[in-house]
Amino acid sequence: MAKLWCFLCIVTFFQLPKNVISKRELVPTPPLPILPLPSFSQLKWQQRELIMFLHFGVNTFTDSEWGTGHENPAIFNPVGLDANQWVDTAAAAGVSLMILTAKHHDGFCLWPSKYTHHSVASSPWKNGHGDVVRELVNAAKNHGGVDVGLYLSPWDRHDRRYGHDLPYNEYYLAQLQELLNKYGNVKEIWFDGAKGSNAPNMSYYFSDWFAMVKEFQSSINIFSDAGPDVRWVGNENGFAGTTSWSTINRTSLSIGNGSIVDHLNTGDPKGTDWLPAECDVSIRKGWFWHKSESPKKLSQLLDIYYNSAGRNCVLLLNVPPNSTGLISYADVQRLKQFKEAIDTIFASNLAEKCLIKVSSQRGGKDGGFGAENVIDSDHLWTYWVPRDEEKEGSWIEIRCNESLRFNVIRIQEAIALGQRIKRHEIYVDGKKVAKGTTVGYKRLHKLEKKQVVYGKIVKIKFLESRGVPLISSIGLHYDPF
């Protein structure tokens, strides 16, 4: 009897999992990811789309871009400084991250560093008791929804240790510790390789710096020409390449190397590292505030947006506070116009009124990867997937009952499972109106004014892809500007 009972137990043991597995097989699984993949902090960074740079320091008071390092701290006296105004301006513009130049090339520190006298502690501002970094951090915390990043220039034209590898690197690391220890959660830290042609030879211990940054704040994104989390786009015009991969090989990169700017601009489809590009540009001609300068026209800012956030990048827009310590009224107004224009263009998606057809669907009609996912509100974790055999030649078709007017076509990939699309084309009522290579987090095709189209059927063809394409969102929009 005991043997029979054991036999029945064994039969039951082997039968139950088969029933469970067969039921689970009715629900199709997501496709395998295509490596490399973004980290959680990189995904959060990508979704910001627009972030703000704040170039502020002694240059603000000397009408210069690169300070000499010999400036008297007494010139720094922003009597009306109001970091709450900075944060309010950023938030009103839709900005969720502000990066402050805690130290620029002149070596003047906007916080009272105990490792140098060349700082706000030696200035008349607040009788030497001021701290610009603290003011910004507190203002951002009080506002909520706005994060802080910091820029600490490797090139230092003031400190006598510069040019002596060991003592200067120790000095730099000491200041990094101050910033990452005293000021709470820093979301991005900005390193560059800018250096004058006559600067002393100097080896930066970047590996040590990066390791210490991650030790103090593991969720931070580190920006430099070589990452490790965010890379420079290769120019200061705010323009990414028409081909823009978030993937690249970090071993091919080095900080301050002018010969790699084209590579930084486009990335590499065979890259082994997820290292998306950040497009830095100033709202004015200069990076620091100059009384003689005015903000760029709205049309210029929109052009920059299409060629940065619209090409799989994040736009880092510099808005420099003036010598009073405020963001100038003209800049505030231009940012307001910029935000209103972006909202006007993208507030409504004409594709939502239409029927969405696709070439095929993974798992069939009820598989969860259907066409409905491309017009929902989730642009990351819900997506359309064709069948595996449609790695190339798949398509999405937007069919409308009436003719629509639009001049912007938006495509977004589910980049959490890798960047895939290599080449695509767009047709309206059978006529090709746009073509491109990469898509990534967001690709915006802005048609020329003469190409404002009226059409009922929009077809997006994915001609080449690394694995099956995963499309998280599509949109048809009208830009009246």
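The model is predicted, so local features need pLDDT of at least 70 and side-chain atom pairs count only at pLDDT 80 or more, while totals for chains, interfaces and linings use all residues. Residues are numbered from 1 along each chain as its sequence is written, and side-chain values use heavy atoms, with hydrogens and water left out. Helices (H or I, at least four residues) and strands (E, at least two) are DSSP runs, numbered from the N terminus.

**Helices α6 and α7**

- Two packed helices are described by the angle between their axes and the distance between the axes.
- For α6 (residues 165–182) and α7 (residues 206–216), the axes come within 10 Å and cross at roughly 20°; axes are lines fitted to C-alpha atoms, for helices over the stretch in contact, and angles run from 0 to 180 degrees between N-to-C directions.
- That makes α6 and α7 roughly parallel to each other (under 35 degrees; over 145 is roughly antiparallel, 65 to 115 roughly perpendicular and the rest oblique).
- Their crossing is right-handed, meaning the near helix is turned clockwise from the far one by less than a right angle, with anticlockwise being left-handed.
- On the α6 side, N169, Y172, L173, L176, Q177, L180 and N181 meet D208, W209, M212, V213 and F216 of α7 (contact means heavy atoms within 4.5 Å).
- Sorted by class, this contact has 8 nonpolar, 3 polar and 1 charged residues (nonpolar is Ala, Val, Leu, Ile, Met, Phe, Trp, Tyr, Cys and Pro; charged is Asp, Glu, Lys and Arg; the others, Gly among them, are polar).

- Helix α9 (residues 298–306) has L298, L301, L302, I304, Y305 and Y306 buried (under 20% relative accessible area; exposed is over 50% and partly exposed in between, with a 1.4 Å probe and protein chains only).
- Covering these buried residues are, among others, β9 (277–282), β10 (314–318), α10 (329–346), β13 (408–413) and β16 (443–446).
- The axes of α9 and α10 sit 10 Å apart at an angle of about 55°, so the two helices are oblique to each other.
- From α9, L298, L301, L302, Y305 and Y306 touch R334, Q337, F338, A341, I342, I345 and F346 of α10.
- That α9–α10 contact has 10 nonpolar, 1 polar and 1 charged residues.

**A buried arginine**

- R48 belongs to helix α2 (residues 40–48) and is buried, with a relative accessible area of 17%.
- Leaving aside neighbours within four places in sequence, R48 is in contact with S96, L97, D147 and K187.
- The side chains of R48 and D147 make a polar contact (2.9 Å); that term means a pair of N or O atoms within 3.5 Å, where within protein one must be able to donate a hydrogen and the other to accept it, and residues adjacent in sequence count only if both atoms are side-chain atoms.
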